[in-house]
Amino acid sequence: MGKFRDRILAIVFAIGLIVSAAGLAHAGPYEDALEKLTTDDYADTADAVTAVATSGNPMAAPLIAALQDGRLQFSAKDKKVFIKTVDDKLIDAETGKPFDGAPPDDLDAVRVNNRLRGVIDAANGALTLMAPDAAKRYESAQAVFKSRDAAVLPAVEKALEAEKIPRVKKVLTEARAAILLGADDTSPADKIAAINIIRDRGDQDSLALIESLPADTPAEVRAAATAASAQIQRNLAIWNTVQNLWYGLSLGSVLLLAAIGLAITFGVMGVINMAHGEMVMLGAYVTYVVQEIIRTRYPGLFDYSLAIALPLAFIFSAAVGIAIERSVIRFLYGRPLETLLATWGISLVLQQAVRVAFGPTNKEVGNPSWMSGAFDLGGILITYNRMWIILFTGIVFAALLAMLRFTRLGLEMRAVTQNRQMAAAVGIRTARIDALTFGLGSGIAGLAGVALSQIDNVSPNLGQGYIIDSFMVVVFGGVGNLWGTLVGALTLGIANKFLEPFAGAVLAKIAILVFIILFIQKRPRGMFALKGRAIEA
Amino acid sequence: MATVQADRKTTSSLLYLDGISVSFDGFKALNELSFIVEPGEMRAIIGPNGAGKTTMMDVITGKTRPDEGDVFFEEGKYDLSKLDETEIATLGIGRKFQKPTVFEMHTVEDNLQLSLKNDRSVKATLFWQSSAEQEARIDQVLDIVRLKHLRARVAGSLSHGQKQWLEIAMLLAQDPKLLLVDEPVAGMTDVETMQTAELLREINKTKTVVVVEHDMAFVRELGVKVTCLHEGSVLAEGSIDQVSTNDRVVEVYLGR
Amino acid sequence: MFTSNHTAARRPTARKWLAATAGFAFAATGAISSAQAQDTIKVGVLHSLSGTMAISETTLKDTVLFMIDEQNKKGGVNGKKLEAVVVDPASNWPLFAEKARELIAKNKVAVVFGCWTSVSRKSVLPVFKELNSILFYPVQYEGEESEYNVFYTGAAPNQQAIPAVDYLMSKEGGSVKRWVLAGTDYVYPRTTNKILEAYLKSKGVKQEDIMINYTPFGHSDWQTIVSDIKKFGSAGKKTGVVSTINGDANVPFYKELGNQGIKATDIPVVAFSVGEEELAGLDTKPLLGHLAAWNYFQSVKSPGNTEFIKKWQAFTKNPKRTTNDPMEATVIGFNMWVKAVEKVKTTDATKVIDALPGITAPNLTGGTSTMLPNHHITKPVFVGEIKGDGQFDVVWKTKGLVPGDAWTDFLPGSKDLESDWVKLKCGNYNTVTKKCGGQAS
Amino acid sequence: MMTSHPLIRLLDRGSTLFLVLLAAFAIAIPVSNLLMPEGSALHLSTYFVALFGKYVCYGLLALSIDLIWGYVGILSLGHGAFFALGGYAMGMYLMRQIGTRGVYANPILPDFMVFLNWSELPFFWYGFNSFAYAMLMVLLVPGLLAFVFGWFAFRSRVTGVYLSIITQAMTYALLLGFFRNNFGFGGNNGLTDFKDILGFNVQAEGTRNALLVTSCIALAVCFLICRAIVTSKFGKVLIGIRDAESRTRFLGYRVEAYKLFVFTVSACMAGVAGALYVPQVGIINPGEFAPGNSIEAVIWVAVGGRGTLTGAVLGAFVVNYAKTFFTSGALAPYWLFMLGGLFIGTTLFLPRGIIGTYNNWRAGHADKAEAKAAEGASAGGGASPAQPSAAE
């Protein structure tokens with residue numbers, strides 16, 4: 001650690017220089033550092049990075065940035081270092097001038113490993129505390145809070161004075177507090193003040209920070225610390241519950257998305273579609289194909305890939321669904337168990353077909369920028385893809401309800417659900433409705449596929465992973481009742497997530513299954529099953 | 001068997017319904033329905049669709065539990081609302097469904113064999129052997145419903161009317177105290193209808209019968225006391241002539 | 001059977017039966033007829049081409065075919081051409097046993113390359129013992145086994161798990177102090193984690209600094225676990241995750257990691273079952289710097305490797321086709337078998353098995369692997385960091401080659417066991433009781 | 001006809017033929033495998049013996065499924081669970097027989113317990129070193145599970161698709177459970193590396209043939225039991241329940257009792273099948289609980305002819321032979337297409353299955369007297385209904 005500390009000191013000193021005598025041409029350390037970058041050795045590179053950072057050379061920042069995202073090239077033969085610009089031009093790292101002429105044949109990227117990334121982050125952290133971009137400053141302030149290295153304190157305080165934007169200022173203060181708390185020469189009073197600041201931050205890191213006080217801390221500080229950590233823990237406990245709820249919600253929405261199509265085919269037509277999972281899988285593959293085309297042809301559109309994939313997936317899965325209904329299922333009405341077997345067969349065929357067509361391995365489906373990453377909401381971290389999936393599920397569900405309620409097709413579907421003969425009698429072409437219903441169910445499965453491609457494997461086995469769970473949801477929720485499916489999915493999802501922490505993932509799943517089995521005994525037709533005079537025999 | 005001490009209201013009656021209410025998803029199928037069937041009587045029950053005829057049958061046979069009200073059988077000896085189908089059937093209440101329901105895969109004979117009054121337990125049926133008197137009983141029943149010549153036929157291959165009769169025969173084979181017959185002549189030719197009426201009168205000589213029917217001609221043919229249901233409760237009761245001249249009946253039912 | 005046909009012939013029902021009977025008879029006699037054809041050397045390929053395991057195993061099938069093709073170009077073995085016999089156990093364990101039997105007894109293959117999961121290996125073991133044939137098993141596994149008829153060219157725990165942990169503990173690896181052992185709930189992770197736990201404790205890691213977590217196969221909802229890891233990691237000490245999560249569950253796991261923003265610089269994850277194939281299903285940019293430990297990486301720069309990749313991609317007519325560790329293991333095993341057969345001038349199982357220990361073959365990373373008396377091989381161990389392009393960047397490798405150890409020294413049950421098929425003629429010799437465990441005592 | 005003597009009822013043409021064939025196989029195969037010289041045209045390889053033995057076990061499983069699906073209309077998608085439980089019971093016995101010959105030479109603990117350093121044998125492993133006890137468990141464990149499960153399900157009248165789905169949930173839950181290593185059954189590697197059964201080496205040819213013969217006998221016995229059940233009045237009640245459950249109820253039959261009885265019997269049979277299967281394939285692991293397996297077993301029955309006992313067995317043989325055949329050689333990767341196609345084709349074009357269709361054809365083409373006989377046969381061994389109303 002000691003060596004590292006020295007480096008930081010040096011960096012800080014450098015910052016001093018930059019601030020005072022900016023722009024002063026200053027040959028020596030920078031050039032030597034470049035030498036070191038050409039040895040392809042992590043230790044050397046590390047030293048070089050520090051040296052560069054401290055050199056105060058205007059090229060320092062761009063060079064380190066280049067190193068960070070692998071655009072820093074070197075040639076071992078003629079001991080030269082180049083910065084590759086985003087548009088693949090070479091810049092001579094020494095002069096900063098564009099490099100024209102043939103690049104050396106042994107040109108290779110300067111390699112980085114985790115430890116180096118650490119060093120770079122630290123260097124950046126210190127370098128960018130004063131960066132013009134607020135977001136950068138925020139980032140580096142956070143970095144300092146994590147590293148909480150006493151050496152950076154002056155830099156932090158300087159930055160603190162200069163800082164205008166409150167949220168950055170807040171983090172800087174926390175960073176400063178963190179450092180002060182760690183430092184031995186801080187007065188108890190300051191330490192307590194620091195503790196309070198950190199307490200108000202109140203996240204896991206703060207807790208760790210406060211609890212990692214050395215043994216020799218004075219009593220009053222210790223008291224404050226214990227009080228603070230107690231409060232943080234209370235606070236965290238609450239957030240923990242909230243988080244479980246959120247996780248449950250998002251798991252539930254995935255289940256719902258996967259099951260809702262099934263609920264329709266099962267509810268309206270009493271058809272057990274074992275190939276439902278494969279419809280989901282097809283949807284995911286449509287997404288893959290769309291993204292492939294976009295990657296190769298129009299990379300610019302990548303962020304819209306899902307938007308493009310959705311309708312296509314719906315149409316494709318729906319088409320396959322209708323084809324299945326027309327070619328197989330319609331001959332099996334009134335024989336649900338036979339349908340079950342036939343559709344199982346279909347699912348096997350579809351799986352192997354995809355396996356033959358696309359190969360058995362996983363396919364890459366990327367997250368668009370707006371679906372990757374996460375943000376903090378109070379004490380919990382919300383990942384964008386989960387959030388969007390929950391929203392998406394909500395939209396699909398609402399749209400479906402609306403469709404059933406307000407459209408002609410929906411009306412006819414409900415008619416068929418309630419009384420097939422009567423519906424036929426009043427001139428509804430039940431055959432057509434069946435086909436459309438099945439298409440709709442499959443289409444929604446396709447949509448689910450698009451969503452699942454964002455969190456799960458895109459492989460021929462994708463569907464298998466969801467089919468049983470989906471059935472559980474439908475049966476649990478009660479057939480022929482979308483609200484039942486909704487409640488069913490969310491209940492199972494949340495129950496699962498509250499069980500998981502102490503029961504473990506496997507037992508949680510088993511417990512849920514057993515629960516459903518028992519539940520079906522109590523309500524053989526599910527939670528929200530339509531009662532009424534079931535005409536038997 | 002849940003028995004209840006006879007109380008004076010219920011004594012004489014074979015079947016006693018009082019204030020039966022049943023509702024599905026808010027819709028009241030039966031509403032404070034009450035009536036009494038005396039031993040040996042034959043009763044015809046009429047009423048428009050959704051009047052609650054079949055639901056009433058379900059309540060009597062234990063398929064549907066009443067939300068409220070009493071159902072007593074045999075002078076109040078048994079509280080039917082506490083028993084399930086099987087127990088009620090073994091008490092001696094036989095039911096014929098609206099849609100003829102026989103064991104299509106079995107021969108006429110086997111259908112009756114299964115219906116004959118016998119020990120119904122698993123053990124008994126596993127080690128069961130047919131006997132002469134059983135055979136005789138089957139012949140006798142087949143005679144009554146005029147299906148003797150079809151004894152070896154698979155029930156599935158019978159005509160609609162024949163199935164109706166076979167089902168009635170199965171009820172007889174059960175040797176019940178009370179027969180509930182739901183629309184026995186639905187989809188029958190006039191001739192068959194008349195024959196059925198005759199058949200039921202024949203049966204009524206030994207057993208109590210409750211017939212649910214739309215066909216007024218048939219009900220007239222039976223010439224028995226009629227109860228008209230409407231919206232789950234009794235609208236009118238009496239001879240067919242009284243009932244069919246009752247203004248409200250005419251209004252809700254015959255009028256249309 | 002013939003008497004029965006006779007009685008049966010009277011009844012039409014019997015036709016169906018006859019058909020079936022004939023079918024079996026065919027199957028049976030087929031076995032004999034195929035026994036005659038001996039102008040080629042038959043090589044059995046026992047990898048699932050359908051079902052859930054196809055995702056990993058199909059590649060290995062292609063690899064064997066590729067090697068056979070290469071070998072035949074060189075004129076085959078002992079002047080005979082090699083002939084591949086491919087069967088599909090369809091990811092169904094009993095079927096693995098049946099197919100193994102079919103390959104050996106019916107098709108009379110000289111050697112079998114196959115299996116991926118431990119359970120498939122376990123289910124074919126009795127067959128190989130009974131019919132005394134050879135199985136080359138190319139996948140890293142939990143160890144705790146050394147059979148006379150099986151050659152393990154994949155990594156034993158000491159050739160993958162332990163070096164990887166050593167690396168993470170080193171300064172270069174970020175001197176990790178706190179450990180999460182996350183795995184799918186089956187035997188390989190269980191054993192590996194038991195070994196690692198013992199190993200870590202021997203290195204002075206305290207119980208409260210080890211968190212062990214198991215998930216079902218194909219687990220897809222990682223929110224809770226990833227956030228638990230995050231919590232565990234924010235306790236001040238440097239934390240690392242050792243992942244023995246099985247193939248399919250990895251993609252959602254890494255996606256969740258990426259989205260919850262667990263950077264390799266904060267909490268590095270080192271995986272033992274994630275290779276180029278698995279990464280092919282991922283956008284690896286968020287995973288930059290997470291690690292995997294293997295005995296081979298496609299990105300390793302060596303003449304042998306470059307040439308192999310070139311030929312392989314040509315053979316599969318797919319310029320983007322990746323290579324991975326089990327493939328290399330298959331290649332090494334194949335070459336060793338060829339050498340052994342050429343050495344003893346026969347494909348007779350016993351002779352070849354006895355000849356194999358001591359045989360050497362170049363591995364694709366520039367070294368030379370040797371078959372050890374315990375039927376495991378020596379291999380180098382690499383630790384690679386995931387790069388943005390789905391490849392690995394080797395950041396650490398063992399000095400020299402590590403000999404595969406069938407019986408780990410970190411489990412009480414097996415630390416006294418030793419395997420030596422040359423001198424001791426025993427796969428599980430107990431150095432304390434001086435007895436060969438396998439035989440009845 | 002019900003009047004006919006029980007024995008005649010029991011052994012109609014089809015059944016007799018079936019038993020004769022089975023006996024023929026049970027004799028011919030060991031003879032040709034053990035006595036005929038290697039390489040002679042009459043010699044059957046041990047490979048074939050093992051294969052056939054496996055098929056017989058599958059046949060027995062199919063039989064057990066047909067008994068409840070074909071005659072009562074209970075479609076269990078979890079019968080693989082009973083099969084596997086029987087198998088595990090046998091497997092545990094075989095494990096205990098290994099004794100000190102395990103790799104760790106531990107006299108008590110099976111290997112997988114040793115290397116997960118368990119200290120002592122879990123209580124539910126006690127007693128499995130006794131063959132008799134193990135065999136008892138083979139019947140008891142599946143039987144008990146089926147009884148409890150059925151008691152709940154049938155009493156609360158869970159029928160048709162719902163029942164199928166919860167049976168699937170049951171086997172899926174067991175699958176997950178047995179995958180867990182600390183559940184005490186060897187995790188996903190299951191139980192394997194068996195040495196001997198009743199003192200005979202399981203791999204020895206003699207033992208294999210013996211196991212094959214035993215399996216055939218078991219199949220024959222179970223077949224006769226099934227015949228006895230379905231040809232009795234009890235069997236007629238079952239068919240009644242299948243075709244018109246509520247009618248049966250209103251006739252005063254305790255439908256749930258009937259279902260429970262036959263479901264439990266069937267589960268025990270499945271257990272026996274599993275127990276015989278394990279020593280012949282040499283491994284039992286949670287894979288057997290996979291819902292897919294149970295569904296596949298159902299298709300065997302459908303192919304052979306639902307509601308015809310001989311058909312179920314025939315189906316198991318045909319489909320599994322096809323599997324053996326299509327999973328090697330050029331067709332290797334296409335097996336799933338075949339299987340899938342089989343599912344679709346059978347349900348669409350052969351709803352009665354092979355035997356069912358044949359019976360129908362025969363019933364159609366025979367004269368009146370013959371037809372009567374056919375009725376007799378089909379009342380017991382009978383063809384499945386044209387529109388199986390199994391759902392209700």
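Where chain A meets chain C, 45 residues come from chain A and 44 residues from chain C, with two residues counted as in contact if their C-beta atoms, placed from the backbone, lie within 7 Å. This is a predicted model, in which local features need pLDDT of at least 70, side-chain atom pairs count only at pLDDT 80 or more, and totals for chains, interfaces and linings use all residues. Residues are numbered from 1 along each chain as its sequence is written, while chains are lettered from A and ligands numbered from 1 in the order in which they are written.

On the side of chain A that touches chain C, the elements giving two or more residues include helix H11 (219-269), helix H14 (336-358) and strand S6 (380-383) of chain A. The most comes from H5(A), with 5 residues. Helices (H or I, at least four residues) and strands (E, at least two) are DSSP runs, numbered from the N terminus. By class, this side has 12 nonpolar, 21 polar and 12 charged residues; Ala, Val, Leu, Ile, Met, Phe, Trp, Tyr, Cys and Pro count as nonpolar, Asp, Glu, Lys and Arg as charged, and the others, Gly among them, as polar.

Let's turn to chain C. Here 7 strands make an open sheet of mixed pairing, in the order S7-S6-S8-S9-S10-S14-S15, where two strands pair if DSSP finds at least two bridges between them. Its edge strands are S7 (210-215) and S15 (392-397) of chain C. S14(C), residues 382-386, pairs with S15(C) in the antiparallel sense over 5 bridges, and C:Glu385 stands opposite C:Asp393 in S15(C).

In chain D, the axes of helix H6 (residues 131-155) and helix H11 (residues 255-281) come within 8 Å and cross at roughly 150°; axes are lines fitted to C-alpha atoms, for helices over the stretch in contact, and angles run from 0 to 180 degrees between N-to-C directions. H6(D) is therefore roughly antiparallel to H11(D), a term for angles over 145 degrees. Among the residues of H6(D) in this contact are D:Phe147 and D:Trp151, while those of H11(D) include D:Phe263 and D:Ala267. The contact has 16 nonpolar, 4 polar and 3 charged residues.

| Residue | Phi | Loop |
|---|---|---|
| B:Arg146 | about 60° | between H5 (132-145) and H6 (160-174) of chain B |
| D:Ala105 | about 55° | between H4 (79-98) and H5 (111-115) of chain D |

B:Arg146 is partly exposed, with 13 other C-beta atoms within 10 Å, whereas D:Ala105 counts as buried because it has 22 C-beta neighbours inside 10 Å. A residue is buried if 20 or more other C-beta atoms lie within 10 Å of its own, exposed if 12 or fewer, and partly exposed in between, with C-beta atoms placed from the backbone.

Key: Parallel < 35°, antiparallel > 145°, perpendicular 65-115°, else oblique.
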